[in-house]
Amino acid sequence: MSSAPHDQWPLQSSSLSACGIRTRVLQGGQDLKATEAVVFVHGNPGSSEDWRALMQAVAPHGRVIALDMPGFGQADKPADYPYSVEGGTAFLTEALKQLGVLRAHLVLHDFGGPWGLMWAAMNPLGLASLTLINTGILKGYRWHYMARIWRTPLLGELQQLITTRSGFKWAISVGCPKGLPLEFVNRMYNDLDWGTKRAILKLYRATGDLDNRSQALGKMLAPLNPPTLVVWGAADPYLPARYAEQQKETFAKAQVVLLPQSGHFPFADDPQGVAQAVVPFLRQQLSGGTAGVRSGVA
């Protein structure tokens, strides 16, 4: 295996069309045709670019893939697309088939959790491992304050219309003790055109009670008992840290790493802490090993 520094591992950018959506694909690794891959799924309002640094750190150990989900990043953002958990799962399913992925090590964040976990439930033989970053099975969850606004007709549209760059920077940085890199915030805002804003509103309005969804999904996934790593920014105001330990109720093998000074986007505000947990875990999963990172508080 090459020992080249992570920043020397290039990621190739290409495109594909799935479920009528043309989107950007980032890939890396020594074998871009490998049927086993680490698949990174971003959340709201992210894109495949969220994962670039972590992908480069994992690429020496296997194939890595990230896509812009429908309505986000550089993906198509049609008004009539079914922006929902089911719609995103169908897109992910078709895209991974086109990419030749038979076994996926899922790395999920935020709304990437509902999309990726439903994919796992629908493709149990294809699930190799799970890495959950501030997402997962959210039993007892109630929508955070921004989600309640987005789910409210007219109020959600108004909030999206009046959001400025400075307002977005403030909102996305809430609960991030160390702040977020300006480049990260600006990239997200630049992608936040009306197509993405509309997709966000439709997505949250199409997603019913997360508690009931989580209870049902948990019953489907628990018997699979995949190797699971949970990494959580403990200062997250949207998904409180209590949900990190809760993942063990569904994923018996789950190892939990809390990052005390990190918020909802730990891969952005503490990339080193995230990499120190995620890279060894995925390296051992890709090599067929059974050991992982030490469970506990980082």
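The largest cavity here has a volume of about 50 Å³, and a search of the whole structure turns up one cavity of 30 Å³ or more. This is a predicted model, where local features need pLDDT of at least 70, side-chain atom pairs count only at pLDDT 80 or more, and totals for chains, interfaces and linings use all residues. Residues are numbered from 1 along each chain as its sequence is written, and side-chain values use heavy atoms, leaving out hydrogens and water.

So what counts as a hole? On a 1 Å grid over the protein atoms alone, a cavity is a set of points where a 1.4 Å probe fits but cannot get out, while a pocket is an open set with protein on both sides within 12 Å along at least five of seven lines; lining residues have an atom within 4 Å of a point. Grid points are joined across faces, edges and corners, and a volume is the space filled by probe spheres set on the points.

Around the largest cavity sit Pro70, Phe72, Tyr81, Tyr83, Ser84, Gly87, Gly88, Trp115 and Leu203. That lining has six nonpolar, three polar and no charged residues (Ala, Val, Leu, Ile, Met, Phe, Trp, Tyr, Cys and Pro count as nonpolar, Asp, Glu, Lys and Arg as charged, and the others, Gly among them, as polar).

Now for the open spaces:

| Largest | about 770 Å³ | 28 nonpolar, twelve polar, two charged |

Of the 42 residues lining the largest pocket, Asn44, Asp110, His144, Trp150 and Tyr204 are the closest to its centre. Helix 9 gives the largest share of that lining, six residues. (Helices are DSSP runs of H or I with at least four residues, numbered from the N terminus.) In the second largest pocket, the closest to the centre of the 20 lining residues are Glu49, Asp50, Arg52, Ala53 and Phe267, and helix 1 supplies the largest share, five residues.

What about the packed inside? The largest nonpolar core has 96 residues, and Phe40, Trp51, Leu67, Leu106 and Leu117 have the most contacts inside it. Such a core is a set of buried Ala, Val, Leu, Ile, Met, Phe, Trp, Tyr and Cys residues joined through side-chain atoms within 4.5 Å, with buried meaning under 20% relative accessible area (1.4 Å probe, protein chains only). Leaving aside neighbours within four places in sequence, Leu67 is in contact (heavy atoms within 4.5 Å) with residues including Leu16, Val25, Phe40, Phe91 and Leu99.

Terms used: Buried < 20%, exposed > 50% of the residue type's maximum accessible area, 1.4 Å probe, protein only. Helix = DSSP H or I, 4+ residues; strand = E, 2+ residues; numbered from the N terminus.
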